[in-house]
Amino acid sequence: MSSLSLKADLLLYGGRVLTLDPARPTAEALAVAAGQILAVGGEEELRPLIAAHTQTLACDGRTILPGFVDPHLHLFAWASHFCGTDLGTARSIPEIQGLLARDLSHISTGDWVRGYSYDEFFLAEKRHPTRRDLDLVSLDHPVILRHRTGHAAVLNSAALRRAGITQHFTPPAGGSVERDPLTGEPTGVVYELEKFLRTVLPPLSSHDFTAGVKQASAELLRQGVCSFHDASAGNTLEDFALFRRFNAEGLLVSRATVMIGIDALPQLVDAGLAPFSGDERVRLGSVKIIVHESRGTLYPEPDELAEMVWQAHRHGFQLALHAVEEGAVCAALNAIEHAQRRLPRADHRHRIEHCALCPPPFVDTLVETGSAVVTQPGFLYFYGDKYAAEVDPQLHSWLYRTKSLLECGVQVAGSSDCPIAPLSPLTGVQAAMTRRSRTGTPLHLQDRLALRDALALLGCWPIWSCLIETS
Ligand SMILES: [Zn+2]
């Protein structure tokens, strides 16, 4: 317990405080001063902290948890979802059409209609909607649907025209356009074209975007997420400045650490910004690189990836490598290993984001290179049925591992990846403990965590991977 000379602004008593501190796992009361936890302990023990101004709150046996730290979410993408149509609960294409038609009346003719978070696996038709399906919603408005994962999108005919995606369109490297096998016409479904699409779509109005940020920020607070690491690969120094501005304007309540995309690394270096510079409220975070495997090809290809990783590593930055597929995880680990061999750094805290499939040899490399895994236990709940159907059961023991990685000495942290999945840290805790999907499908139950570890996964272990142990 801290010094008794300071008095509490707020004292919670009669509760069950789970501290996650093995030395004192539970307590009855908790005192807060100047926005920070002053002390936890027994009611009698904390009574001397009460002053005339102290607000006291009886908890009637309720449980009090430490704030959650979400080491991987996308605040601005999430904010923009509040300005579009949420399709996450849609279970058929007519349902998607109905939801879009409902919102269409608020959108001026010719303006973009934006839908988010559809997933063909959960649709009765078991396929992506096409341009024809969306043309039935509107021929005048350009309509775009973003896939839940952010790796695919569907455009109607008006949107395809605006984007210049015609029969003769050549997608940028790594991207692809699905075509009708008979006519060669784009079906409306595109893959890995997000960067290109962002140059086509007009940005949201400042009013709408700010309102979205406010809503996302309120939601973080409501669900107890005190600190987060924004993991957007498109982040530049301008985005970092935007986070700072939103914080200065009082719109960001939680503390933010902001990753910067690899493309903006020269910008960082030229500006002379040191890793993790900023202040306690908004700090610069790791350098983000997306590594993905599509039809057996890796993007970026291994030599290019090694060079990107080397540049961030040699400038002293923490790396966050998005890697889902086995080949991508392998390439990401190879690149870290290579950089570490060239220039060993003792406390780099490089991270593999997602690490969805992690076979035993990768675990050894994670340990040898001192790299962390930032996983998404909530995916097991929200998308577990899809994994159960699509991932070979023999690989389930490698899927979104937690306990088995921890036992091998790997640093693991749990995140939401919101808006790829709902924020809900409590669902993350539940999924880490049960490893069951929404419908109860089990996914390698041997990897379940006990309650205290599941809370730590989303509460205090991310502190290491976000390098915020001093604040
Ligand atoms: Zn993400």
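For these entries I take a cavity to be a set of points, on a 1 Å grid over the protein atoms alone, where a 1.4 Å probe fits but cannot get out, and a pocket to be an open set with protein on both sides within 12 Å along at least five of seven lines; lining residues have an atom within 4 Å of a point.

**Ground rules.** I am working on a predicted model, in which local features need pLDDT of at least 70 and side-chain atom pairs count only at pLDDT 80 or more, while totals for chains, interfaces and linings use all residues. I number residues from 1 along each chain as its sequence is written, and side-chain values use heavy atoms, with hydrogens and water left out.

**Cavities.** I looked up cavities of 30 Å³ or more and found two in the structure, where a volume is the space filled by probe spheres set on the points, and grid points are joined across faces, edges and corners. The largest cavity has a volume of about 50 Å³, and I list its lining as P377, G378, F382, S415, S416, A421, P422, L423, S424, G428 and L458. Helix 13 (residues 377–390) gives the most to this lining, with three residues; here helices (H or I, at least four residues) and strands (E, at least two) are DSSP runs, numbered from the N terminus. By class I note six nonpolar, five polar and no charged residues around the largest cavity, where Ala, Val, Leu, Ile, Met, Phe, Trp, Tyr, Cys and Pro count as nonpolar, Asp, Glu, Lys and Arg as charged, and the others, Gly among them, as polar.

The second largest cavity has a volume of about 40 Å³, and its lining consists of F68, V69, D70, V225, S415, S416, L423, P425 and L458. Strand 8 is the element that gives the most here, with three residues, and the classes are six nonpolar, two polar and one charged.

**Zinc site.** I then turned to the zinc ion, which is coordinated by H72 (NE2), H74 (NE2) and D417 (OD) at 2.0 to 2.1 Å; donors are N, O and S atoms within 2.8 Å of the metal (3.2 Å for Na, K and Ca), and sites may look incomplete, since water is not among the atoms. H74, in the loop between strand 8 and helix 2 (75–81), and D417, in the loop between strand 22 (411–414) and helix 15 (425–434), link distant parts of the chain, 343 residues apart. I checked burial for both: H74 is buried at a relative accessible area of 12%, and D417 is buried at 4%, with buried meaning under 20% relative accessible area, exposed over 50% and partly exposed in between (1.4 Å probe, protein chains only).

**Second largest pocket.** This pocket has a volume of about 1400 Å³ and is lined by 41 residues, with I37, L65, P66, G67 and C226 lying nearest its centre. I count 22 nonpolar, twelve polar and seven charged residues in its lining by class. The assignment, whose bounds come from an automatic or database source, gives domain 1 (10–64), domain 2 (84–200) and domain 3 (206–466), and the pocket lining draws at least three residues from each of domain 1 and domain 3. For domain 1 and domain 2, I note C-alpha centres 51 Å apart.

**Sheet 3-2-7.** Three strands form an open sheet in the order 3-2-7, with mixed pairing; two strands pair if DSSP finds at least two bridges between them. Strand 3 (26–27) and strand 7 (63–64) stand at the edges, each with a single partner strand, so one side of each is left without a neighbour in the sheet. Strand 2 (residues 16–18) runs antiparallel to strand 3, joined by two bridges, and L18 has T26 as its bridge partner.

**Backbone checks.** I found a cis peptide bond from Y299 to P300, with omega near -10 degrees, and P300 is in the loop between strand 18 (297–299) and helix 10. Another cis peptide bond joins C418 and P419, where omega is about 10 degrees. Which residues have a positive phi although they are not glycine? E192 does, at about 50 degrees, and I record this residue as partly exposed at 28% relative accessibility; H354 does too, at about 85 degrees, and lies in strand 20 (residues 351–354), where H354 is buried at 3%.
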